[in-house]
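Subject: Structure handover

Hi,

Here is the structure for you to look through. My notes follow below it.

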Amino acid sequence: LTPHGEWPLDVGIKIDYAKSLLGGADEIGAKLLLEKEIGQFTNLSNIGIAREIGEDSGDDNEYNFAYGLAYNVNETFAIGGEWHSDFGTLENDSDDFDEQSHRFGPVAYGEIGHGVHYETGVLLGVSDEAPDAEIKAVIEYEF
């Protein structure tokens, strides 16, 4: 939404649709993306909302937040850490930390040739509801 580096924060919006291939509900979501580069560090925050749609869908909105801090080693490689929180729904009145899913861990970011980017890491659960560990692996091609 804003030109990269021309405002105090770079602001974007991401809208996605996830189709269930195993039957059940699909999901639509939106995220507000906020990024700030300070020297060789990049700060990125995602504030998200998602809702199930279609067959067997629930009526609740799910809320989440993610924050990442990366050190840019060079133009094509960065290392850092990420924090991910899934708060559940406002309707469930659960504000107990251990009843929500919170994960943290190291992540590497890079570029493999022109337009191919990757993110990989391990996020470890820090709340009771979170999985003990989850692997993050993203490959993206921009054209």
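In what order do the eight strands form the open sheet? The order is 1-2-3-4-5-6-7-8, with antiparallel pairing. Strand 1 (10-18) and strand 8 (133-141) stand at the edges with a single partner strand each, so one side of each has no neighbour in the sheet. Neighbouring strands are turned by 20 degrees against each other on average, direction ignored. Those angles use axes fitted to C-alpha atoms. Strands here are DSSP runs of E, at least two residues, numbered from the N terminus. Two strands pair if DSSP finds at least two bridges between them.

A word on the source. This is a predicted model: local features need pLDDT of at least 70, side-chain atom pairs count only at pLDDT 80 or more, and totals for chains, interfaces and linings use all residues. Residues are numbered from 1 along each chain as its sequence is written, and side-chain values use heavy atoms, without hydrogens and water.

Now the first pairing. Strand 1 and strand 2 (residues 26-38) run antiparallel, joined by nine bridges. Lys14 has Lys31 in strand 2 as its bridge partner.

The chain as a whole: eight strands, zero helices. Its C-alpha trace spans about 45 × 35 × 30 Å along the principal axes. Of its 143 residues, 27% count as buried (under 20% relative accessible area, 1.4 Å probe, protein chains only).

Charge: there are 7 positive and 30 negative side chains (Lys and Arg against Asp and Glu; His and chain ends not counted). The centres of the two sets lie 5 Å apart.

Best wishes

Terms used. Helices (H or I, at least four residues) and strands (E, at least two) are DSSP runs, numbered from the N terminus. Axes are lines fitted to C-alpha atoms, for helices over the stretch in contact, and angles run from 0 to 180 degrees between N-to-C directions. Buried means under 20% relative accessible area, exposed over 50%, partly exposed in between (1.4 Å probe, protein chains only). The place of a charge is taken as NZ of Lys, CZ of Arg, CG of Asp or CD of Glu.
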